[in-house]
Amino acid sequence: MSDEAPKGWLARLGAGLKKSSAAITGGLTRIFTHKKVDAATIDELEELLITADLGPATAAKLADAIRARRFEGEADANIVAEALAGEITKILAPLARPLDFDGAVKPHVVLVVGVNGSGKTTTIGKLAAELKSRGKSVMVAAGDTFRAAAIEQLHVWAERAGAAFFSGESKDAAAIAFDALAAARAANVDVLLVDTAGRLHNKADLMAELEKIERVLKKADAAAPHATLLVLDATTGQNAHAQAQTFRDITHVTGLVVTKLDGSAKGGVVVALADRLGLPIHAIGVGEGIGDLRPFSAEDFARSLVGLPAR
Ligand SMILES: Nc1nc2c(ncn2[C@@H]2O[C@H](COP(=O)(O)OP(=O)(O)OP(=O)(O)O)[C@@H](O)[C@H]2O)c(=O)[nH]1
Ligand SMILES: [Mg+2]
């Protein structure tokens with residue numbers, strides 16, 4: 001995730017968040033046209049933010065921050081939107097962190113977890129391509145042995161990204177992760193990305209499998225996995241909180257990737273997740289293509305969410 005934003009990227013983020021921002025800008029116009037920023041309108045604002053998936057706690061915090069600004073006279077919706085974007089940026093900024101690698105650690109092992117369909121395999125493909133473009137050597141490991149098609153899907157992404165691909169005969173995901181780490185070492189690659197199953201027969205099975213993968217990786221390298229990325233699908237809205245909690249109970253999640261922000265009406269959930277979980281947000285997915293994983297920028301996201309142009 002290089003820092004330079006390709007031309008049109010912000011326009012695409014804005015377009016992707018259009019469904020989320022339309023509700024917020026419409027609401028702001030309705031609430032604040034020819035009205036004061038007072039107790040009544042701030043209550044309405046708080047409700048608006050809850051319906052926009054920012055969650056009650058974060059909505060209350062933002063409402064308090066707007067109240068504390070003590071706007072005089074009639075406010076126009078745009079001024080409130082600017083203030084809101086500023087406050088949302090304050091929540092997001094400490095958590096907007098690119099996925100960083102300690103160059104001395106080789107291979108840097110990244111375990112990728114999340115419910116089925118959240119976008120793990122796709123994110124691994126995009127991430128592999130992005131790392132390659134930064135000159136890193138990458139191997140991806142097919143640790144999702146639950147579905148036969150999952151292995152081939154990852155293989156296709158590996159070829160697209162120009163990354164090495166590791167799969168095994170075993171149905172034991174931990175054994176594959178262990179062998180992949182040995183292969184990554186032998187090939188002297190910089191980064192090993194390990195795909196996992198999003199769904200097993202039940203939660204206890206999933207928990208046991210992910211725990212075993214972590215445990216077995218540690219036998220080969222006590223510091224592995226060096227990062228555990230939780231992939232969350234923005235379209236699931238508030239359900240993303242429950243998913244995050246489940247995976248934090250099972251694994252040592254170190255950061256988030258939020259996918260499917262293109263076309264999600266629930267983009268506000270990113271703010272609630274950041275506020276509640278305090279986990280770094282490394283990147284966001286804005287499409288199914290190889291270039292559709294972007295670094296998470298707090299200000300760009302905040303402004304797009306409330307329908308303001310980038311600065
Ligand atoms: N629009 C959009 N689609 C995405 C994005 N990320 C992933 N997808 C799509 O979501 C679907 C599921 O993605 P996968 O990567 O297969 O999800 P997974 O988490 O690996 O799923 P399982 O292997 O079943 O656990 C695919 O059709 C992807 O193309 C995104 O950022 N935007
Ligand atoms: Mg998958």
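Biologist: Of the 19 residues around ligand 1, which come nearest?

Modeller: Bear in mind this is a predicted model, where local features need pLDDT of at least 70 and side-chain atom pairs count only at pLDDT 80 or more, while totals for chains, interfaces and linings use all residues. Residues are numbered from 1 along each chain as its sequence is written, and chains are lettered from A and ligands numbered from 1 in the order in which they are written. A residue counts as near a molecule if its C-beta atom, placed from the backbone, lies within 6 Å of it. Of the 19 around ligand 1, the nearest are Gly119, Thr121, Thr122, Gly198 and Gly285.

Biologist: And which helix gives the most to that shell around ligand 1?

Modeller: Helices here are DSSP runs (H or I, at least four residues; strands are E, at least two), numbered from the N terminus. With three residues, the top contributor to the shell is α6 (residues 120-133).

Biologist: Is threonine 259 buried or exposed?

Modeller: Threonine 259 sits in strand β8 (residues 255-259). The cut-offs are 20 or more other C-beta atoms within 10 Å for buried, 12 or fewer for exposed, and partly exposed in between, with C-beta atoms placed from the backbone. Since threonine 259 has 28 C-beta neighbours inside 10 Å, it counts as buried.

Biologist: Lysine 260 has a positive phi although it is not a glycine; where does it lie?

Modeller: Its phi is about 60 degrees. Lysine 260 is buried, because 24 other C-beta atoms lie within 10 Å. Its place is the loop between β8 and α11 (269-277).

Biologist: What about asparagine 188, buried or exposed?

Modeller: Asparagine 188 also has a positive phi, near 60 degrees, in a residue other than glycine. It lies in the loop between α8 (173-186) and β6 (191-196). Asparagine 188 has 9 C-beta neighbours inside 10 Å, so it counts as exposed.

Biologist: What is omega for the cis peptide bond joining lysine 106 and proline 107?

Modeller: Proline 107 is in the loop between α5 and β3 (108-113). For the cis bond from lysine 106 to proline 107, omega is about -5 degrees.

Biologist: And what is omega from alanine 224 to proline 225?

Modeller: Proline 225 belongs to the loop between α9 (203-220) and β7 (227-233). The bond from alanine 224 is cis, with omega near -10 degrees.
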